[in-house]
Amino acid sequence: MLWANKIAEELIETYPNEETFVCAAGVTPSGDISLNSLREAVITDIIRQALELKGKQAKTLFSWDDYDLFRREPDELSTPFSEYNNLPYSEIPDPEGCHATYVEHFESAFESVLSNLNIHPTYIYQHEKYLSGEYTADIREALKKRREIYDIIAPMKNRFFSESDRESYYPVHIYCRSCGKETMEKVTYHEVGDYIEYTCACGYREFAALEGFNHMKLIWEVDWAMRWRHEGVTFEPGGPEHSAEFGSYQISSAIADQIFGIRPPYYLPYASVSSDSAFSLSDESSRKEALSKMATADPSEGIHIAIK
Ligand SMILES: [Zn+2]
Ligand SMILES: [Zn+2]
């Protein structure tokens with residue numbers, strides 16, 4: 001594929017000393033598989049293959065953003081799920097009762113489609129990473145630089161700048177140790193002693209050492225930039241929602257550069273690959289048809305559908 005070859009060449013030129021090229025994709029398992037998510041995984045793996053064909057070592061990472069905040073009811077859920085709002089996705093039960101959790105239900109369906117397409121990435125489950133404390137040092141760094149992060153984010157998100165807004169700004173979601181929800185009323189990080197202090201709407205208050213607390217995650221744009229550094233990502237595609245002016249790729253890139261001191265990865269907005277897609281994502285019946293074809297198609301046909 002010409003476009004993939006061209007990107008692989010540009011990557012090799014940009015990172016001449018890279019030992020292993022990390023091609024990353026990531027999706028929040030919020031509901032049934034979307035064609036966009038599949039496209040993301042397929043494109044990423046095609047670039048991995050193009051790099052390998054040029055004699056480079058490369059791997060595909062697929063991150064499940066399953067420690068994100070659950071904030072809505074996807075259309076396909078029949079039971080009311082609003083009681084789980086503000087919990088992390090990883091703490092919500094399976095709407096159909098066949099898996100241990102909500103995310104396992106949707107993740108396993110997606111992973112079996114990828115496997116049918118002969119795509120076998122290294123899966124990363126973000127709730128496991130966050131809960132294990134693997135990102136604590138990165139979170140601490142972001143908390144210490146929270147004012148600088150505010151200075152990057154506030155103008156890009158059109159947030160009205162004020163000194164008090166800046167002082168109370170924390171680029172994290174904290175999940176209350178008592179009710180489990182991100183319904184924080186007040187958060188403070190005490191740099192001296194490395195303590196986190198919060199008051200939740202449920203009435204619970206806690207003063208806890210940051211080390212070992214683990215029930216928190218960085219807000220999306222900071223989280224994305226942090227993981228580029230943590231995982232050494234060199235290539236990542238992104239959907240239209242991330243690609244707009246002042247969208248999350250642009251914000252995360254500024255954070256990667258100015259806060260985490262790294263070059264953001266080569267970014268491919270999908271639209272440049274899929275603008276003439278035969279399947280309109282808004283058309284439910286053709287979306288379903290495309291997905292069922294992908295689940296059963298021979299791999300090359302399925303991949304053709306995904307990036308058409
Ligand atoms: Zn299930
Ligand atoms: Zn609470």
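Two strands are said to pair if DSSP finds at least two bridges between them. The legends below describe close-up views of a predicted model.

**View 1. Strands β1 and β2 of the predicted model run parallel and are joined by bridges.** Strand β1 spans residues 20–27 and strand β2 spans residues 57–64, with eight bridges between them.

**View 2. Five strands make up an open sheet with parallel pairing.** The order across the sheet is β3-β2-β1-β9-β10. Strands β3 (122–125) and β10 (266–269) form the edges, each pairing on one side only. From one strand to the next, the twist averages 25 degrees. In general, strands of a sheet pair through backbone hydrogen bonds, in either a parallel or an antiparallel manner.

**View 3. Helices α6 and α10 pack against each other.** Helix α6 (residues 146–156) meets helix α10 (residues 248–258) at an angle of about 155 degrees, and their axes are 10 Å apart. Because of this angle, α6 is roughly antiparallel to α10. The crossing of the two helices is right-handed. On the α6 side, the contact is made by Glu148, Ile149, Ile152, Ile153 and Met156; on the α10 side, by Gln250, Ile251, Ala254, Ile255 and Gln258. Of the residues in this contact, seven are nonpolar, two polar and one charged.

Notes
Residues numbered from 1 in each chain as written. Chains lettered and ligands numbered in written order. Predicted model: local features only at pLDDT ≥ 70, side-chain atom pairs only at ≥ 80, totals over all residues. Helix = DSSP H or I, 4+ residues; strand = E, 2+ residues; numbered from the N terminus. Axes fitted to C-alpha atoms, helices over the stretch in contact; angles between N-to-C directions. Parallel < 35°, antiparallel > 145°, perpendicular 65-115°, else oblique. Left-handed = near helix turned anticlockwise from the far one by under 90°. Contact = placed C-beta atoms within 7 Å. Nonpolar A, V, L, I, M, F, W, Y, C, P; charged D, E, K, R; others polar.
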